[in-house]
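Dear colleague,

I am passing on the structure we spoke about, and my notes on it follow below. Please read them with the coordinates open.

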Amino acid sequence: MVENPRIILIGSVNSSRKTLEKLIEHGLNVVAVLGLDPEVAKNVSGYVDLKKLSDENNIAFQYFSKVNEPEIAEFVVAQQPDLMFVVGLSQMIKEPLLGIPKHGIIGFHPTRLPEGRGRGAVAWIILGQVKGAATFFKMDEGMDSGSIWSQEKYEVGPTDNATTVVDQIIKAIDIALDRVLPELKKGNLVTTAQDESQATYLGKRNPEDGIIDWKDSAENIDRLIRAASKPLPGAYTYLGNQKIIIWNASVSTITNHLGVAGRIVVADESGIHVQTGDKLLKLETIVGVDTERLKVGVTLGFHFEKEYFKLLERVAILEQKPQNND
C-alpha cells in the first residue's frame, strides 16, 4: 500500500457520510465520491445525499442509480484509486468495478462479523438475533466474508429502536476509524481473516415483515415495533382496511384487564392499551388514523376470513341487481 493512498468512497446513508467525514478529518486523500441519485432513493432507509459534503471539500462527485453500470466503472478508472470504501450500500459491487482499485475495497457491516452476515442487520440486532459492531473489512467475492480491518462493538438495550441503534453505529464508526486511519495514511492496512466456523447469516427483511400479529406476546410486539422504527418503514396493523403505522409502544403497566388479542381494552387518559397474546401493549406514537376512532372494543389487525365473507356478500348483492340493457 502506498502512503496516503488515493481513495474513492461509495455510499448512500448515514454510515456513508460518517465514514467520509472521518476520512476527511484524518487528511486521507479522497479523490472521488459516488452517491446514490436522490431520484432512485425514496425506498432507501436513512438515505443521505453525499454531494454537498463532497463539494464543500472539493472532492469529485458522481451520482449513480446502478453502481455496476459501465459509465460508473469508467469514472472510477479515471480516478486511479488505490483503495475504495463501500459503506451503506445495498447494491452488490461486481466486476469490473470490484477489480479496479489497486489494493482492493473496504466494506462495512454493523454486526460482529463473522456473525450476522447479510441483510436487514439493524432489525435483526434489535430482535435479539445477532450482536452489533461497526466492522470494516476488506471485501472479497463472498457476502461480508472478507478479512476484518477494524471492529468496534456496541450494546443494544431493551428500549433501543432503529433510530438509537443507528446512532450507536455512527459512534462506533467514529472509534473504529480513529483506530486505523492514521496507519492507513502511512500506507499500512492490516487485516485479520474471519473464522468461517463462526459465520452466521441474516435473511433479507421486507417492509411487509413489519405486520403485527396481536396473538404474539407484548414483549415481542414491542421489540418488532422498535426494530421497524425510523429510518425503517415501521411496524403496522389495520383498522378495517386502513393501514396504521405504530412507531412507538411499550408493555402496559395495566394488569387487571383481559380481552381478545388485538382488541382495545382500555382507552382513557392513560393511553390506548391493546390486548396481545399475554399482556396489554400501550400504543404511544400512531399515524394513519384519527385516535378518536381507537375506542374500547375496537379490534385491530387484518382479519382475512371477515374480509373474505364481506367480499362474498358484496358480490352477491351486485349479482342480484337488475341489469340495464339500454
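Pro114 is found in the loop between strand E5 and strand E6 (117-118), and in this predicted model the peptide bond that joins Leu113 to Pro114 is cis, with omega at about 15°. A cis peptide bond also joins Glu95 and Pro96, where omega is about 5°; Pro96 belongs to the loop between strand E4 (83-87) and strand E5 (105-111). As background, most peptide bonds are trans, and most residues other than glycine have a negative phi.

On that second point, two residues deserve a look. Gln80, in the loop between helix H3 (70-79) and E4, has a positive phi near 50° without being a glycine, and it counts as exposed because its relative accessibility is 53%. Asp144 also has a positive phi, of about 55°, although it is not a glycine; Asp144 lies in the loop between strand E7 (132-138) and strand E8 (148-154), and at 15% relative accessibility it counts as buried.

The salt bridges come to eleven in count. In one of them, the side chains of Lys18 and Asp174 meet at 3.1 Å, N to O, and this pair links distant parts of the chain, since Lys18 sits in helix H1 (residues 14-25) and Asp174 in helix H5, 156 residues apart. Lys18 counts as buried at 17% relative accessibility, whereas Asp174, at 21%, counts as partly exposed. Asp178 forms a salt bridge with Lys22, with the closest N and O atoms 2.9 Å apart, and here too helix H5 is linked to helix H1 across 156 residues. Lys22 is buried at 2% relative accessibility, while Asp178 is partly exposed at 34%. Lys18, Lys22, Asp174 and Asp178 are linked, together with Glu25, in a network of salt bridges.

Helix H5 is also joined to strand E8: Glu152 and Arg179 meet in a salt bridge at 2.4 Å, N to O, and because Glu152 lies in strand E8 and Arg179 in helix H5, the pair ties together parts that are 27 residues apart in sequence.

Finally, the largest nonpolar core has 42 residues, and those touching the most other members include Leu23, Phe85, Trp149 and Leu184. Helix H5 (residues 162-185) contributes the largest share of this core, twelve residues. Leaving aside residues up to four places away in sequence, Leu184 touches, among others, Met1, Leu28, Phe85, Trp149 and Leu189. A second, separate core of 22 residues includes Ala218, Ile221, Leu283 and Leu294.

With best wishes

Definitions and conventions. Residues numbered from 1 in each chain as written. Predicted model: local features only at pLDDT ≥ 70, side-chain atom pairs only at ≥ 80, totals over all residues. Heavy atoms only, no water. Core = buried A, V, L, I, M, F, W, Y, C linked by side-chain atoms within 4.5 Å. Buried < 20%, exposed > 50% of the residue type's maximum accessible area, 1.4 Å probe, protein only. Helix = DSSP H or I, 4+ residues; strand = E, 2+ residues; numbered from the N terminus. Contact = heavy atoms within 4.5 Å. Salt bridge = Lys/Arg side-chain N within 4 Å of Asp/Glu carboxyl O.
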